[in-house]
Amino acid sequence: MQRPASPGPGPSRTMGGVSDDVLLTRHAERGAAASAEAAKGLPAPPSLHTLIVTCMDARIDPVALFGIEPGEAHVLRNAGGIVTDDVVRSVTISQRELGTRTVYVVQHKGCGMGTFTDPEFVAKLQEECGATPDWAPGAFSDAFESVRQGVARLVDSPFTLPEMRVKGFVLDLETFALEPA
Ligand SMILES: [Zn+2]
């Protein structure tokens with residue numbers, strides 16, 4: 001898909017007036033050193049043999065939510081925390097190459113993916129971009145149902161391991177309690 005001419009990504013590109021450089025500054029000042037220290041000597045396979053799929057919502061911190069330490073778990077995030085083809089791809093590699101066995105699918109109440117429908121979003125893209133995506137936006141109105149669909153998708157995949165344990169949850173963004181889906 002050809003993208004219309006637009007300013008390319010670069011050091012001076014800003015979104016909403018906040019420069020990327022804030023993060024690069026934090027990285028240089030403390031992030032790189034802290035990360036190197038935390039990951040020192042750790043093997044790549046997650047020690048808790050667990051993978052978490054969740055939404056990209058900036059209020060969710062999966063590390064804090066589950067008390068994850070470096071080296072313990074894989075975390076996959078996308079808009080909604082839905083089980084897409086690419087999530088199946090990553091889960092398959094996580095299980096077959098890096099030894100994970102448990103998957104948590106965690107979506108949340110009040111997700112932005114419930115504020116539009118796929119046809120509406122595709123129409124908007126067609127209007128604004130002059131192109132139709134070859135992927136589904138994946139909007140949903142019921143997070144519990146969406147989690148159950150995601151869990152079923154993983155279970156039904158021929159590529160995930162039969163001994164995999166999959167649990168689905170919906171997160172409340174006020175209490176951060178997990179409700180089984
Ligand atoms: Zn969300």
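What percentage of the 181 residues of the protein chain count as buried? I looked this up before anything else, keeping in mind that the model is predicted, and found that 22% of the residues count as buried.

**Overall layout.** I then listed the secondary structure of the protein chain, which comes to 5 helices and 7 strands, and I noted the run of elements from the N terminus on as β-β-α-β-α-β-α-β-α-α-β-β. For contacts with a separation of 6 or more, I found that residues 24 or more positions apart account for 66%.

**The sheet.** I traced an open sheet of 5 strands in the order E4-E3-E5-E6-E7, and I recorded its pairing as mixed. E4 and E7 stand at the edges with a single partner strand each, so one side of each is left without a neighbour in the sheet. From one strand to the next, I noted a twist that averages 25°.

**Strand pairs.** Going through the pairs, I saw that E3 and E5 run parallel and are joined by 5 bridges, with Thr50 having Thr102 in E5 as its bridge partner. E5 (residues 102–108) and E6 (residues 165–171) also pair in the parallel sense, over 7 bridges, and here I noted Phe169 in E6 as the bridge partner of Val106. E6 and E7 (residues 178–180), by contrast, run antiparallel and are joined by 3 bridges, with Leu171 opposite Leu178 in E7. In the hairpin of E6 and E7, I counted 6 residues between the strands, and I marked Phe176 for its positive phi near 60°.

**Helix H3.** I next checked H3 (residues 85–98), whose 14 residues reach 19 Å from the first C-alpha to the last, close to the 20 Å expected at 1.5 Å a residue. Its buried residues are Val87, Val91, Ser94 and Gln95. Seen down the axis of H3, the buried residues fall within an arc of 85°, so they line one face of the helix. On the face turned away from that buried side I found the exposed residues Asp85, Asp86, Arg96 and Glu97. Just after H3, I noted that Gly99 takes a positive phi of about 75°.

**Helices against the sheet.** What covers the buried residues of H3? I found that the cover includes E3 (50–55), E4 (73–78), E5 and H5 (143–156). H3 lies across E3, E4 and E5, and I recorded its direction as running at about 175° to E4. H5 packs on the sheet as well, touching E5 and E6, and its direction makes about 165° with that of E6.

Conventions. Residues numbered from 1 in each chain as written. Predicted model: local features only at pLDDT ≥ 70, side-chain atom pairs only at ≥ 80, totals over all residues. Pairing = 2+ DSSP bridges. Helix = DSSP H or I, 4+ residues; strand = E, 2+ residues; numbered from the N terminus. Buried ≥ 20, exposed ≤ 12 C-beta atoms within 10 Å, placed from the backbone. Contact = placed C-beta atoms within 7 Å. Expected span 1.5 Å × (residues − 1). Arc of directions from axis to C-beta. Axes fitted to C-alpha atoms, helices over the stretch in contact; angles between N-to-C directions.
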